[in-house]
Structures are given as structure tokens and as C-alpha cells.
Amino acid sequence: VHFPDTERAEWLNKTVKQMWPFICQFIEKLFRETIEPAVRGSNNHLSTFSFTKIDIGHQPLRINGVKVYTENVDKRQIILDLQISFVGNSEIDLEIKRYFCRAGVKSIQIHGTMRVILEPLIGDMPLIGALSLFFLRKPLLEINWTGLTNLLDVPGLNGLSDTIILDIISNYLVLPNRITVPLVSEVQIAQLRFPIPKGVLRIHFIEAQDLEGKDTYLKGIVKGKSDPYGIIRVGNQIFQSKVIKENLNPKWNEVYEALVYEHPGQELEIELFDEDPDKDDFLGSLMIDLIEVEKERLLDEWFTLDEVSKGKLHLKLEWLTLMPTAENLDKVLTSIRADKDQANDGLSSALLILYLDSARNLPSGKKINSNPNPLVLLSVGHKAQESKIRYKTNEPVWEENFTFFVHNPKRQDLEVEVRDEQHQCSLGNLKLPLSQLLESEDLTMHQRFHLSNSGPNSTINMKIALRVLSLEKQARSPDHQHSAQVKRPSVSKDARKSSFKPQVPVSPPPDSSKPVPASPVTDSDKKTDTAEKSQPPGASPQWPTDLSRSSSSLHASNFSYSPSHLSVKEPTPSIASDISLPIATQELRQRLRQLENGTTLGQSPLGQIQLTIRHSSQRNKLIVVVHSCRNLIAFSEEGSDPYVRMYLLPDKRRSGRRKTHVSKKTLNPVFDQIFDFSVSLPEVQRRTLDVAVKNSGGFLSKDKGLLGKLLIPLASEELAKGWTQWYDLTEDGTRPHGAS
């Protein structure tokens, strides 16, 4: 007899079916009373936004299975995992009167595992203090839109696409975001909505052996080596290792630190890939249950890779407990060598957990008697995070949680600045030495702090806790791994205002077994949130890069991705792959002359490309959407196989290249792909966008070639607003004419 740990629960489905009309009433109220005002306040262009119809549909949500955790859980909580699926014939219509824009949703599908936590259990009715709901990982979400193109033409939305919108919604459903329903008033919501992490996982990503050789030469006759790199995931935190060139036994010697909010259920996932110019090959994967790591405290061993015929990976994993006392701090500082150096980064000795509640009596900003749009910038050392914006208020309530890894709390400060987003000015600031927390009871402070350089009674209400990271069994050689670069995901918005310049380290030779020191790069929200740091010419390919993930803000667009987009390439100019050289231009001119053949070609003989270009100051990125091309020239009888390649000049390294997918046998390809470049607004106005439409021939094919070029100087006042436009393609990119 087999008793599965996931049970069917038809009684629950019958209950939900009976409750469905009332659940729909609640959802409608949520849309009208919460979502509609939030959308209206977020952007001037959206001030006339309204929902004209909200019908969630009569098809109720289904619960396909329920799992109840009984081991490794707190005695005062109940944890349930519900496998849910909702295939709804929903109708939601919305309107933006100012732009005569109507759009809507015809159907919604959601499939995923929703965790429900009932805690704390109490000795009075109703026995459960509160209920928390969230998804452990991003659910599968599909929305069938009507009139989406009308909506995306509205100013302020024209850089979005349906995939970004889905991603924003999905990330709102995933940890550390959660819906909390208090059932008893005494339960402190702050504790529930943003609990202290269960622990910190320190991952020493050391080396691999006997990997598969994926690179081949002479059409596969000669077997070569691989250029391996690793992608490491814990929940919604993602890291990427450096690439080791041509080595089946690579040594990375890198260290990452990740927060663990939930276990059981969370796993450490590792995938290895071979970096290739086109699509990166898979070299194996590994999943490790974090319960095992927590029991062992320290694991240092070789793991056999799954899903491949050979290969193994050497990891050292440390489970760090969060201690509310400072008695172990000196021991911890010695073990990570933080007592000797003066740096503000390296391995962490403590975690700073901050609950930003609200502010009162803020000054009115630049204009007298006008309420500001306040947001808060928080920084510890080089790491900065940012709250959401609250609109038109001097009494903002944020209720947001932030965490910072701290290298040495005896020397570092927490800096808090309240800013007015509308006028880009400061409304007050505060500097708190973390040593003050070390003297507080439970290393915690919960109070209203007075703001400097602000109004006479301006205060900010925060709860701040410091937790010392302790590996209770200190079974490690203190001289090992101390200088390794720590890659850390930001669990917040990107640090767009942090003004640090990382010191680029001089890397040791590749055969050195010592870890590579480096500076962390804090950046978020790339196509896959890859923090791509421009490297100086002297930086060695050994330079580690950081992959950070952001999920706590509406601007965080974590795109769905495939590993081929993830690789942060080293600074090698891509000569072989970039065929937009003078010779390609000459060939194109020749082809044009053949096409003309005595007849006069139209205004744009090479066809046109439609692009949306804008700069996002929130994310500090230039965003380019490649929509489509029309009337391209044919490379052969069967047409062309076009794709689009972009650089942000003068950077022509491989890491700076962006490519769309290839559209087969068409002269009017539709791409609708979005790309971004990490660059500030003043800097981008000195740069030029180099766009080439190319034909993708097969291997060693004579049909590879240039279909047209476009050079767009970005020195425009309109860049922050953005624009969508058709551009003429020319042979060498000069004289680009906006067609419409």
C-alpha cells in the first residue's frame, strides 16, 4: 500500500466552489479599492484609468493536491502546500479615458504550488492568529489579452510588453512578498509579513571534474573542451559564476551567500553550462535539500552531476544560524578575517533586517504646500536598496522589509535618506552606526527616529534587528576561503543611486588555487537580471560577475529566460561573429546595385525597422524593444533569415552585444523582444545605438551577411519619456530617417 505525501482533497474543492461567488466579490473589491487607485497614482498619464468590468468567471479555482508538513516545523505553526490551478473565463475590461484606450483580459490561467502558513497557533479562539499565503517559486501564469497593443501605446507604458507585465505580476506572488490575513488583532503583522529568515546558506562553489567536452571542431570530427560556468539558485536568488575557458576540470573558488526563508520545500539548485557564442550547452545539474545542510551544518564533498553521463562538482556548504546575541561576534569576525581588514565587503558576519513602517510630518519638498512623493534609500557600505514610492503624502506608510549582509557591524553604518521622487530632492536623512544595535537588547531597536536636515518634527518609524551569523560547529580552517568574492543577490530594488566605484582586482593566474578577490556589483533587473559591469581593458577574464535578482518592486521585470541569455561574456571583441565590417558594407552596396538593375528603388531600398527606445531612471537602464522589420531585401530565392544585433557604442565587446532570435524565410520579421543596457541617463546621452539587421546563414554558409544598418545618437531630451518609431535601414547606418 502506497500512501503519497500529497493527498487529493475533493472536500476542499467543494468548499471553494460554494464560496466562489464570495471570493469573487472580494477580488472585485480588491481591484476597485486597491489596484485602481494605485495605478492612477503611479503615473500622470494613467490618472483617468478605471476598470469598466470585472468578472472573474464562474469556474472556481481547483486544488489538485494538499501536502501538510509535520516534521522540521515549529510547533506553533501549520504549513500546507496546495497545488492549485485556475483556468478562468474571466473578463476584466479597463479604460484610460484620456487616451481613448480600451483593453482587457479574456482569460487567465495560473498553475503553481501555493504555501499556506497558519501561525501562530494560540490557546484562544479562533486558535489561529493569522494566515499567510505565497508561492514558493514563480507560478505559471498565462493571460489572454484584448487590445494590449492599444494599452502599450499609452505614454508611460510603451516600454512594457506582455512578458514584462506577466513577470511583474508573478514576482508579486513569490517570496519574500506574501499576503497576510490577521485573524487576531494582537498578532503583530510586521513579524508575520516579513519574518526573520530561517538561516543563511554560504555556498563555496569550488571546482568540478571530468565534465563533458561540448565544443567540437571540423563539424564534430575533433572533440574539444568546454568553457564551463555555473548558475546557482536558492528561491528567487540567482548567482552566476565566472567562465573558465577550455577546461573540463575548472576551479572557480567563489563564495555566495543566500537567505533561506522557507524550508522544508526550498532547495539549492545548481546548473552547469558550457558558454558558446550562440546557445550555451548543458553540462549537468544538482539539487540539494536544505534540510540536510541544516542538520549537518557543514558539508564539504564531491557531488555527482545529474542528467549527464559524467562529471562531478565540489561544494562546501555552510548553514549559518541567526543569533540574537553578540557574544560570538568576535569569533565570527576572526573566522572571516574582518577583524584585520578595513574593507566594507567580503564574507558576512551579520545580517541586518529592517522593517520600514512609516514616516510622519515630512517637509513639503520644493513646492510649498504641496505633498511630496516620498521613497526611502537605505544603504550599508556599498549596498543600497530602495523602497516603493508613496504618492502625494507627507505621512507615507510603506510596510516593507529589507535585509543587508554586513561585513563588520562594529565599523559599518546604516544610512537612511527620504527622497521626493517628483522633485528629486532630499526630505531628510539619518545615519545609524550599527554598533548601537550591538548594545541594544536582542540586538533590536524599534522606534521613531528623528530625521536630520528635515522638518522640525519629521520622524521615520523602523524596526531594525541585527543577527550574528554563526556556524555552530566551527569545523573549518580559518585561513581558507577568507578573501573569496561574495556574490549576493539583492532582495530589493537595484541600487540605482549607490555611487560606489568597485576596485577592479588584479586576478591571479588561472592555475592559482587561491580564491579570487573582487568587489560585489549590485545591480538588478536585466533581461535575466544579470549585473553586467563594464570591465576596464586590463581586467582579466577571471573577474567574477554577479547575478542579482530583484522581486520586491513593480519595476523589477524578471524576464523568463533561457541560459543562453545569462552568460556575462568576458571582454573579447567579437570579430568572428560581427560581420558588419567594411567588407560587409561593400557587399551590401553591390547587392543594392544588382537589385536596382536600372529601376529606381523606393525611399527606403533596404527596408525599415521599428524600435521603442527609452531610458528608465528607476532601473538605471536603457531599454530597447525590437518590434519588427518590413520590406527587407532577399538574400536568396527563399528570402532572408533575419535577426537584429545591437551595440551601445563605443562598447563593441561581446558582453555588450544584444541579439534577437532568427526569423526564418521572411522579409517582414516580427521579433517583439526587449533588451537593456546598464547605463545612466547622462552617460547614455553621449552614446550611439548601433543596430544591424543580418541574415543568419548556416555554418560556413556564403549567405551570411548584412541586410542593413542604423546608427541612432541618443543625445535626446525625450529619452526619459521614450518613443516608438520606424527607421530606414542604410548600407552603413548613416543618415537614418525616422519613417513614422
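Relative accessible area sorts the residues here: buried means under 20%, exposed over 50%, and partly exposed in between, computed with a 1.4 Å probe and protein chains only. The model is predicted, so local features need pLDDT of at least 70 and side-chain atom pairs count only at pLDDT 80 or more, while totals for chains, interfaces and linings use all residues. Residues are numbered from 1 along each chain as its sequence is written, and side-chain values use heavy atoms, with hydrogens and water left out.

A salt bridge is taken as a side-chain nitrogen of Lys or Arg within 4 Å of a carboxyl oxygen of Asp or Glu, and a search of the whole structure finds 24 of them. In one, R102 pairs with E95, their closest N and O atoms being 3.2 Å apart; R102 counts as exposed because its relative accessibility is 60%, whereas E95, at 13%, is buried.

Another salt bridge joins D641 and K664 at 4.0 Å, N to O. D641 lies in the loop between β31 (621–630) and β32, and K664 in the loop between β33 and β34 (670–678), so the pair ties together parts that are 23 residues apart in sequence. Strands in this numbering are DSSP runs (E, at least two residues), counted from the N terminus. D641 is buried at 18% relative accessibility, and K664 is exposed at 57%.

Strands β32 and β33 also belong to an open sheet of 4 strands, ordered β33-β32-β35-β36 with antiparallel pairing, where two strands pair if DSSP finds at least two bridges between them. Strand β32 (residues 642–649) pairs with β33 over 2 bridges, and R645 stands opposite K659 in β33.
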